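Please read it alongside the coordinates.

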Amino acid sequence: MNVKERKMTLKNDIIFKMFFGKKENEKYLISFLKAVLNTNITKAEVQQEVGVLPIMKEGKTGRLDIKATIDGGKIVNIELQLRDNRDIKERTTLYGSMLLLEQLKRGDKYKKIKPVILINILNYNILDVPEYHTETVTVAKEH
C-alpha cells in the first residue's frame with residue numbers, strides 16, 4: 001500500500017478509530033499528537049468506546065472518535081469528520097464542554113480540571129476566507 005492509499009484509508013471513520021484507538025497502537029497516536037501539537041509527549045492512554053454523557057436527563061449525548069489522556073493528565077479528543085453536517089463548531093463546543101464538566105463532582109475545586117485539547121480532522125473547509133495556504137515540512141535525518 002503506497003502513501004496515497006494509506007492516507008485515503010485513514011479517512012474512513014472506522015479504520016481511523018481502529019488504528020489510532022487501539023492500545024497497542026498508542027505509539028502512532030503519540031507520534032501524531034507530537035506532530036499536531038508541536039510538543040513532546042511521552043505517554044498516551046487511549047480510552048475505548050467513549051461516550052459523553054448528558055448533564056440532564058433528556059440532554060444530548062455523543063460518541064467520541066478518539067479520547068486519550070496524555071502527559072500530565074491532559075485530555076485529548078480527536079474527531080474525524082468526512083461530511084459537512086454544518087454543525088462542527090457546535091459539536092466541538094459541546095464535546096469540549098462535556099469533557100470539562102465530567103471531570104468534576106459536587107464539592108470539587110475548579111483547579112482539579114485538566115486541560116482539554118480538541119482536534120478536528122475535516123474533509124471540508126470551515127474557514128470563512130476565500131483562500132488560504134498551509135505548509136507542511138518533512139525533515140529526514142540519515143543515521
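**Notes on packing and charge pairs**

1. Glutamate 102 has a relative accessibility of 39% and therefore counts as partly exposed (buried is under 20% relative accessible area, exposed over 50%, partly exposed in between; 1.4 Å probe, protein chains only). This is a predicted model, in which local features need pLDDT of at least 70 and side-chain atom pairs count only at pLDDT 80 or more, while totals for chains, interfaces and linings use all residues. Residues are numbered from 1 along each chain as its sequence is written, and side-chain values use heavy atoms, with hydrogens and water left out.

2. Glutamate 102 is joined to lysine 67 by a salt bridge, with 2.7 Å between the closest N and O atoms (a side-chain nitrogen of Lys or Arg within 4 Å of a carboxyl oxygen of Asp or Glu). Because glutamate 102 lies in the loop between H4 and E6 and lysine 67 in strand E4, the pair ties together parts 35 residues apart in sequence. Helices (H or I, at least four residues) and strands (E, at least two) are DSSP runs, numbered from the N terminus. Lysine 67, at 8% relative accessibility, counts as buried.

3. The structure holds 6 salt bridges in total. Among them, lysine 22 meets glutamate 24 at 3.8 Å, N to O; lysine 22 is partly exposed at 36% relative accessibility, whereas glutamate 24 is exposed at 56%. Another joins lysine 112 and aspartate 108 at 3.2 Å, N to O.

4. The largest nonpolar core has 16 residues, of which Leu29, Leu33 and Ile78 touch the most other members. Such a core is a set of buried Ala, Val, Leu, Ile, Met, Phe, Trp, Tyr and Cys residues joined through side-chain atoms within 4.5 Å. At least two of its residues come from each of H2 (13-20), H3 (26-37), E1 (44-47), E4 (66-70) and E5 (74-81). H3 supplies the largest share, 4 residues. Apart from this core lies another of 5 residues, including Val50 and Leu99.

5. Aromatic rings of Phe, Tyr and Trp (its six-membered ring) pair if their centres lie within 6.5 Å; planes under 30 degrees apart are stacked, over 60 edge-to-face and the rest tilted. The count by this rule is 4 pairs. Phenylalanine 19 and phenylalanine 20 have ring centres 4.9 Å apart and planes at 85 degrees, so they pair edge-to-face. Phenylalanine 19 is partly exposed at 28% relative accessible area, while phenylalanine 20 is buried at 8% relative accessibility. Ring pairs link Phe16, Phe19, Phe20, Tyr28 and Phe32 into a cluster.
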